Amino acid sequence: MTTDASTATPGREQSAERRNALHGWRTMAFASPSFALTAMLLPVLMYLPDYYARDLGVDLAVVAFVLTTVRIADIGFDPVLGLMMDRSHPRTGRYRTWFVCGIPLAAIAIYMLYNAPVGVSGAYLFLWLAAANVGQSVSYLAHISWAASAARSYDHRSNIFGWLMVFSVLGMFLIMALPPVLSLTLGWERPHAVQSMGWLMIASLPLTALLAIAAVGEPPRRPMLVRPSRSELFALLRRGLVVRLIAADIVWGIGPSVAAALLFAFFDSLKLIERDLAGLALLAYFIGGMLGAPIWVRIAKRTGKHRALLWSGLTYAVVQSAILLVPAGNVPLALAGMAIAGLPSNAGPILIRSMMADVADEVRLATGVDRLSLLLSLLSSIGKIGPAAMTGLALYALSLADFDIALGARNSTESLWLLGFLYAIVPAATGLLTAWVIRGYRLDATTHADICRQLDERDRTAEREAETPEPAQKKTSLASI
């Protein structure tokens, strides 16, 4: 149970923090829900449209409309959720309570989505897809906020967010691999193989949630010196570090999203590698990302998170553009190239979220208000806009060039050149732009340690004052944003 900030003492608080420390097996157990929470919506984009249209008889235009509508609504939902989470204080723990509430909703929605009857309506798809998004958003945002709150030090946050990403990539890898593996080894038909992804997520959601809850409690809530206002969102968007990190997250997300949308067309049309083998290239990319995550965490500890992000952006630019050099038809080299290209792919999500948690400490020092969940929700929501828009623009540009996915290598030279440019060069440019955006970032390990020291001193003072009644005085607000 969370210790109430108004009654906590320094000794009890330090004891609770030691008991809830994220080290060793506790870190892995706590990070395990990312296995399903991050990967559960991946099949929605890659498998469900075809499954609902081909096997369940839903018009493809209806499926596209539902997916787009739910995604747009989800962009506005996350900041509202983050604001609600920051302003709530249940006795069972702020983040832990929200985390638990989202799990059953997500599991039920996944069951309904993957076990829908033939002839299902668009309204059915909309209802349960929206429910799945709400459940996922609630538990995911609570989980990463809980992680950032439990791991307060500069390097420790990089470590826990690295483990979150490892389990995320592992979940995406297994979910993507499940249908072809079941089809090739057990002869399962495609509808049953797709349904198996849903059962994997339904089983793993409550199991990993229990592991996380058993591994670590929630840290004591820090005292809030100023009552939150409704203008918080706009005030945060005027802070330089917040804007810089949101911009970096938007730019970073564009590259992998555009490349993922064009991957099968690129390998089929330009590299003359059939789609089944191109699927192996995607799995190789996931493996590279999983192996690269701890590497960038280690680099961040040595050089600082902002420098690690800068170098990862430059590295991504080089390895992504180098895919163009893979000879056509050379499958082993293509798999190796994709694994190497995946190495820096997860550096952005790990480092940017860890850095935003550090910025939340600076914001709390300046304003007296804990806005951790709201700040992380801004990354989750605003970061979706750029990738979605640029992916749509890339596909539209190919259509203007008369690229026909059915023709493969028989497309015109101009359209094939554009495909290669969009798949390799545009994502590489986002790596360079990320490095440019993050240059000059000033919140390093030394600065963050000083912020934490000032916060601890102020928290202890606030707790002592709460325990000692004083004559009523006129309250003065801290410096406004």
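The report below turns to one arginine and its surroundings, and then to a number of salt bridges.

## The model and the setting of Arg-71

The structure discussed here is a predicted model. Within it, Arg-71 is placed in helix H6, the helix that runs over residues 60–87.

Leaving aside residues up to four places away in sequence, Arg-71 is in contact with Lys-384 and Ala-388. Ala-388 is 317 residues away from Arg-71 along the chain, yet the C-alpha atoms of these two residues are separated by 9.3 Å.

Eight salt bridges are found when the whole structure is searched. One of them joins Arg-239 to Glu-362, with 3.9 Å between the closest N and O atoms. This pair links distant parts of the chain, since Arg-239 sits in the loop between helix H11 (232–236) and helix H12 (240–269), while Glu-362 belongs to helix H16 (residues 347–367), 123 residues apart. Arg-239 counts as buried at 17% relative accessibility, and Glu-362 likewise counts as buried, at 12%.

A salt bridge is also formed by the side chains of Arg-353 and Asp-249, at a distance of 3.0 Å from N to O. Arg-353 lies in helix H16 and Asp-249 in helix H12, so this pair ties together parts of the chain that are 104 residues apart in sequence.

Arg-453 and Glu-457 form a salt bridge in which the closest N and O atoms are 3.1 Å apart. Both residues are in helix H20 (residues 445–467), and because they are four residues apart there, about one helical turn separates them. Arg-453 is partly exposed, with a relative accessibility of 40%, and Glu-457 is also partly exposed, with a relative accessible area of 39%.

Beyond such pairs, there is one network, in which Arg-157, Lys-305, Asp-358 and Asp-361 are joined by salt bridges that share partners.

How values were computed. Residues are numbered from 1 along each chain as its sequence is written. This is a predicted model: local features need pLDDT of at least 70, side-chain atom pairs count only at pLDDT 80 or more; totals for chains, interfaces and linings use all residues. Side-chain values use heavy atoms; hydrogens and water are left out. Helices (H or I, at least four residues) and strands (E, at least two) are DSSP runs, numbered from the N terminus. Contact means heavy atoms within 4.5 Å. A salt bridge is a side-chain nitrogen of Lys or Arg within 4 Å of a carboxyl oxygen of Asp or Glu. Buried means under 20% relative accessible area, exposed over 50%, partly exposed in between (1.4 Å probe, protein chains only).
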